[in-house]
Amino acid sequence: MTVSQAHFCDALLDPAQPVPDGLTDGNGRPTTRRFNVYRNNVVVSLTDALATGFPVITRVLGRENINGLARLYLCDNPPDSPLMIRFGKNFPDFLSNLPQLAHLGYLGDVARLELALRRSYHAADSEAIDPATLGKMSPERLMDCRVTLAPAANVLRSNWPIHGIWRFNTEQNAPKPVPVAQDVLITRPGFDPVPYALPPGAATWLAALWQGETIGAAYDLALDDHPRFDLSAPLALLLSGQALISLTPKD
Amino acid sequence: MGDGGRPLAQLRSLSERFPISVHGVGLSIGGESPLDEAHLDRLAHLVGWLKPASFSEHLAWSTHGGAFFNDLLPLPYTADTLNRVAAHIDQVQERLGRRMLLENPSSYLAFDTSTWSETDFLAELCRRTGCGLLLDVNNVFVSATNLGTSPQAYIDAYPLHEVGEIHVGGHDEDADDAGAPLLIDNHGAPVIDPVWRLLDIVLERTGPKPVLVEWDNDVPDWPVLGAEAERAQAALSRVQA
């Protein structure tokens, strides 16, 4: 009989299903172990891709647990594109919603950080403005500018110390994370994305810039959010991270 | 296939010094579903700026119902499959504006419904679409062992005049339900001597062709990998002399 690809797929993802009829070893003997080569290739290669794409999550939970979680994740979230560099986009939500992991509430946001770092790594290249440009402008004129940020830049907000957890699991001698909310800016000066923990209010300022507000209007919004917000630190991060690619006066 | 960053910078830099062979694993040319247009567009963009020396894909499928399985899945060799694969190859060649090469798969099982031999099937695809072939001699050895046929007979029946590139690689050894050897193409081990001998047999008939050593799992230190590349170069030198 004809084995349709739909039928082949069903048996591929569910080891409890029998091997489809119509497959042969060339001599009419059972083909279970032969079909299992494909089953194994699919699960092992996608589990490896998940572990490679989320190294901190894998370190926190251990490879054995990732192997088990990957099987569960793949049932409802097989890759929807041949681009493996994008695989795992639903993994943060999956981790957040899994009852067995409810006691590790930070996992979802840490996975979001890892996903954002990977996106930044593969994002389009861009040319940053010369920081000296800012020095030549009056503060009033600067506050009236809109900005374009690099495709490799990104901001994440979290109620968990995601930057501290990320550092603790990627750097030697990093301090133990303390339980605070942390917002993170990712920039990519050169080829390697770097996450920075942001001071209070900075994520509001950056989000407003992304929405097309001027530097000054975004500053007012950040002050509403955090009265002691200081513009200079996040602006310096954007400049040193080569994340500011253009300044356009409002009028 | 990303938008920028280190991978593309490295590729650009390599392409300034070496001819590049682009080898796809994601087109699902044997798929029952239509080709993924977005993926084809990305590929056309890449081929457009990179201007590689060759582009190749596999006689296999990997996507169904919108899900990508990250493996090269097998096809029955029937008239239906032939029509579908030929139409997909036509579409790819038209979109890329160039001839592509198609690679023979590693087979772990066969289909009762197959009415063509793999070699005749590949020859007919070349005749219909004008595509060329990528001959993976490790896949020939793996499939022949797994299906109880002869690698030499496969090479004798294969349309060698269509070959534009050759692959060698290592495989793993397991056993099937009946205890018969089941070889698994894993690109994670040295090329075995019988596969090197097949390479010699093929090169004697085709003359020099680009040869790739595929080792992308458990990649060893450079001296080990370099020795494999030197052995491939030695095989080429023997037919160049």
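Author: A crossing of two helices counts as right-handed if the near helix is turned clockwise from the far one by less than a right angle, and as left-handed if the turn is anticlockwise. In this predicted model, H5(B) passes H7(B) in a right-handed crossing. The residues that make this contact are B:Val137, B:Asn138, B:Val140 and B:Phe141 on H5(B), together with B:Pro194, B:Val195, B:Leu198, B:Leu199 and B:Val202 on H7(B). Sorted by class, they comprise eight nonpolar residues, one polar residue and no charged residues.

Reader: How do you know how H7(B) is oriented relative to H8(B), roughly parallel or roughly antiparallel?

Author: Helix H7, residues 193-206 of chain B, packs against helix H8, residues 222-240 of chain B, at an angle of about 30 degrees, and their axes are 9 Å apart. Since that angle is set against a cut-off of under 35 degrees, H7(B) is called roughly parallel to H8(B). The crossing of this pair is right-handed. On the H7(B) side the contact involves B:Trp196, B:Leu199, B:Asp200, B:Leu203 and B:Glu204, which meet B:Arg231, B:Ala235, B:Leu236 and B:Val239 of H8(B). By class, these residues are six nonpolar, no polar and three charged.

Reader: Why is H2(B) called oblique to H3(B)?

Author: The axes of H2(B), residues 37-50, and H3(B), residues 79-96, come within 9 Å and cross at roughly 45 degrees. A roughly parallel pair would need an angle under 35 degrees, and a roughly perpendicular one an angle of 65 to 115. With roughly 45 degrees between their axes, H2(B) is therefore oblique to H3(B). This crossing is right-handed, and the contact is made by B:Leu40, B:Leu43, B:Ala44 and B:Val47 of H2(B) with B:Val92, B:Arg95 and B:Leu96 of H3(B). These residues divide into six nonpolar, no polar and one charged.

Reader: How do you know whether the radius of gyration of chain B agrees or disagrees with that of a compact globule?

Author: For 241 residues, a compact globule would have a radius of gyration near 18 Å, and chain B has 18 Å, so the value agrees. The C-alpha trace of chain B spans about 45 × 45 × 35 Å along its principal axes, and the chain contains eight helices and eleven strands.

Reader: How does the radius of gyration of chain A stand against the globule rule, and what follows from it?

Author: Chain A has twelve helices and six strands. Its radius of gyration is 24 Å, well over the 18 Å that the globule rule gives for 251 residues, so chain A is more spread out than a compact globule. Its C-alpha trace spans about 85 × 40 × 30 Å along the principal axes. The domain assignment divides chain A into domain 1 (1-104) and domain 2 (125-251), and the centres of these domains, taken over C-alpha atoms, are separated by 38 Å.

Reader: What makes up the side of chain A that touches chain B, by class?

Author: The contact takes 41 residues from chain A and 37 from chain B. Helix H1 (5-13), strand S1 (23-24), helix H2 (32-53) and helix H6 (107-122) of chain A each supply at least two residues to that side of chain A, and H2(A) gives the most, with ten residues. By class, that side of chain A has 23 nonpolar, twelve polar and six charged residues.

Methods:
Residues are numbered from 1 along each chain as its sequence is written. Chains are lettered from A and ligands numbered from 1 in the order in which they are written. This is a predicted model: local features need pLDDT of at least 70, side-chain atom pairs count only at pLDDT 80 or more; totals for chains, interfaces and linings use all residues. Domain bounds come from an automatic or database domain assignment. Axes are lines fitted to C-alpha atoms, for helices over the stretch in contact, and angles run from 0 to 180 degrees between N-to-C directions. Helices (H or I, at least four residues) and strands (E, at least two) are DSSP runs, numbered from the N terminus. Angles under 35 degrees count as roughly parallel, over 145 as roughly antiparallel, 65 to 115 as roughly perpendicular and the rest as oblique. Two residues are in contact if their C-beta atoms, placed from the backbone, lie within 7 Å. Ala, Val, Leu, Ile, Met, Phe, Trp, Tyr, Cys and Pro count as nonpolar, Asp, Glu, Lys and Arg as charged, and the others, Gly among them, as polar. The radius of gyration is taken over C-alpha atoms; the globule rule is 2.2 Å times the number of residues to the power 0.38.
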